[in-house]
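Subject: Structure for your review

Dear colleague,

Please find below the structure that I am handing over to you, together with its sequence.

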Amino acid sequence: MLRSAFILFIRLLTGASALWQGCDPRERKLRIYFANHGSHLDFVTLWAALPKELREHTRGVAARDYWGRNAFLRWVSLNLFNALLISREGITREDNPITQMAEAMNAGQSLILFPEGTRSRDGSIGSFKPGLYHLAARVPTAELVPVYLQNLNRILPKGHLLPIPLISTVVFGKPIRIEEGEHKKAFMERAQAAVLALCPSSQQTTSAPSPTEKTSIEVY
Amino acid sequence: MSPFAPEVANLLLIILIVLVAASLIGWMLARRTTSESGKATVKNLNERVKSWWIMTGVFVVALALGKIGSVMIFTFMSFLALREYITITPTRLADHRTLFAMFFVVLPYQYWLVYTSWYGMFAIMVPVYAFILIPVLSVIRGDPKEFLERSARNQWGLLVCVYFISHIPMLLNLPISQLKHGNAGLIMFLVVVSQGSDVLQYCWGKLIGKHPIAPTVSPKKTIEGFVGGVLSASLLGALMHGLTPFGPLCAGLIAFVITLMGFFGGLVMSAIKRDRGIKDWGAMIEGHGGMLDRIDSLCFSAPIYFHIIRYYFSAP
């Protein structure tokens with residue numbers, strides 16, 4: 001109940017519309033959604049953009065060092081979002097994030113990942129960490145869906161607590177897969193390009209603010 | 001017991017009849033059109049009519065709630081318009097707190113001034129105080145990159161989306177002795193003439209439009225659509241003089257001014273869209289685009305209309 005109210009609130013705040021350009025929102029498939037990261041709103045907006053049937057079986061992957069650091073954040077991440085908390089540092093055999101994620105997926109849960117590992121400061125897409133590659137190799141049946149989140153970094157940027165009510169877009173793209181014999185680095189670059197390609201303004205002749213343009217205003 | 005003056009109630013009845021007729025025509029056309037392009041046009045037409053039903057309903061309910069309802073609905077409309085405007089406009093991280101102040105301090109305060117009827121502050125708060133506040137809040141963050149352009153863009157957005165639109169509910173505060181039942185009729189006159197002019201320009205354009213009037217800015221507008229729309233909307237205004245303290249000729253002239261300013265307002269906003277490479281400000285209203293697409297003609301005509309009435313027809 002609280003969750004539905006929260007999702008409605010997020011939808012109103014971010015005005016997010018979902019564009020499905022390459023996979024079907026009605027299909028219940030095991031998926032790894034990977035997206036650009038620039039705001040605390042990223043996970044919850046992507047999650048709220050999913051149809052209810054998919055959302056119930058989809059969990060976000062969040063950093064334990066941030067979201068587990070006090071009781072309130074732990075409650076929010078676990079109870080409100082049903083997140084999967086993983087370590088970013090000090091990885092041991094017992095505490096291996098890839099293992100944890102693979103186990104969750106084998107239990108039928110789709111995951112939402114942010115391969116940059118942290119929120120970008122200026123809206124550009126940083127290099128992707130290799131976790132996605134390792135996880136995809138461990139769960140070969142999963143569909144890897146690139147997602148582009150537009151304007152969320154303007155609504156609630158890193159370092160700010162007050163949101164401004166702009167209109168955001170969530171673009172779900174065509175799934176990719178690891179090619180035969182493809183190396184980790186090549187795959188991660190391809191994954192990053194797949195997310196960037198979904199940016200709506202790169203599909204028009206001239207554009208609204210975008211992370212691809214080099215003019216001074218646009219990168220934010 | 002109707003909350004509306006009899007003239008207003010009559011107009012609402014006529015609007016209801018027009019909407020029903022439009023729905024019927026749309027339904028019949030949908031059944032009889034077979035060509036691909038024809039079907040697309042009819043689909044758009046029916047989407048537009050459906051949106052008109054919703055917009056009219058919301059508007060009537062708001063007006064029926066008196067001043068508080070009218071102020072709230074225009075506050076909400078300004079909010080949605082400003083939201084679409086800023087989404088499309090390039091901003092920098094240093095503008096974040098400025099934008100927050102625009103949405104959550106300036107906008108509500110402007111409409112508070114309307115509600116409390118403090119005309120002196122209402123008239124200057126945005127063009128003086130808010131215009132000073134915007135560059136000051138941004139400059140504190142220490143980012144001089146494209147500073148003038150950013151400040152100007154934000155100020156302009158506040159002017160068009162908030163300041164101009166707030167003149168509409170402000171009409172309710174003008175003391176006009178001839179209007180015994182309150183000023184809601186003045187708002188109806190403005191909105192019906194302005195929106196009617198949009199619809200009529202569209203219809204005339206579809207029927208007899210041939211020569212583009214501003215091809216580099218707005219390719220769909222035609223001279224025939226413009227002339228037909230403006231003249232028929234002025235006639236519409238003359239017919240609605242009962243809502244206002246003016247006689248029919250005066251009402252027709254004022255309606256002419258409203259439609260002319262509405263045309264230019266639409267053209268200006270189209271120029272901005274064209275420059276940004278977008279077709280619509282948003283996708284909120286099916287068949288029409290965003291909120292700003294619907295009220296762009298009201299933005300420029302509202303303050304002119306307000307001041308014409310204030311100067312010539314209201315007793316200070």
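I begin with the overall dimensions of chain B in this predicted model. A compact globule of 316 residues would have a radius of gyration near 20 Å, and chain B, at 20 Å, therefore agrees with that expectation. The C-alpha trace of chain B spans about 60 × 50 × 30 Å along its principal axes. Its secondary structure consists of 10 helices and zero strands, so that, read from the N terminus, the order of elements is α-α-α-α-α-α-α-α-α-α.

Domains of chain B

The domain assignment divides chain B into domain 1 (1–64 + 178–316) and domain 2 (69–173). Taken over C-alpha atoms, the centres of domain 1 of chain B and domain 2 of chain B are separated by 25 Å. Domain 1 of chain B contributes 25 residues to the contact, and domain 2 of chain B contributes 18 residues. On the side of domain 1 of chain B that touches domain 2 of chain B, the elements giving two or more residues are α2, α7 (184–208) and α10 (291–312) of chain B. Of these, α10(B) supplies the largest share, with 10 residues. By class, this side of domain 1 of chain B has 21 nonpolar, three polar and one charged residues.

Helix pairs in chain B

On the α1(B) side, the contact is made by Leu12(B), Ile15(B), Leu19(B), Ala22(B), Ser23(B), Gly26(B), Leu29(B) and Ala30(B). The α2(B) side provides Val42(B), Leu45(B), Asn46(B), Val49(B), Trp52(B), Trp53(B), Thr56(B) and Val60(B). Sorted by class, the contact of α1(B) with α2(B) has 12 nonpolar, four polar and no charged residues.

In the second pair, the axes of helix α8 (residues 223–239) of chain B and helix α9 (residues 248–276) of chain B come within 7 Å and cross at roughly 145°. Here α8(B) passes α9(B) in a right-handed crossing. The residues of α8(B) in this contact include Phe226(B), Gly229(B), Val230(B), Ala233(B) and Leu236(B). Among their counterparts in α9(B) are Pro248(B), Leu249(B), Ile254(B), Phe256(B) and Phe263(B). The contact of α8(B) with α9(B) divides into 14 nonpolar, five polar and no charged residues.

A helix pair in chain A

In chain A, the axes of helix α6 (residues 97–106) and helix α7 (residues 131–138) come within 10 Å and cross at roughly 45°. The helices α6(A) and α7(A) are therefore oblique to each other, and α6(A) passes α7(A) in a right-handed crossing. Pro97(A), Ile98(A), Met101(A) and Ala102(A) of α6(A) meet Gly131(A), His134(A), Leu135(A) and Arg138(A) of α7(A). By class, this contact of α6(A) with α7(A) comprises five nonpolar, two polar and one charged residues.

Yours sincerely

Notes: Residues numbered from 1 in each chain as written. Chains lettered and ligands numbered in written order. Predicted model: local features only at pLDDT ≥ 70, side-chain atom pairs only at ≥ 80, totals over all residues. Contact = placed C-beta atoms within 7 Å. Helix = DSSP H or I, 4+ residues; strand = E, 2+ residues; numbered from the N terminus. Nonpolar A, V, L, I, M, F, W, Y, C, P; charged D, E, K, R; others polar. Domains from an automatic or database assignment. Rg over C-alpha atoms; globule rule 2.2 N^0.38 Å. Axes fitted to C-alpha atoms, helices over the stretch in contact; angles between N-to-C directions. Parallel < 35°, antiparallel > 145°, perpendicular 65-115°, else oblique. Left-handed = near helix turned anticlockwise from the far one by under 90°.
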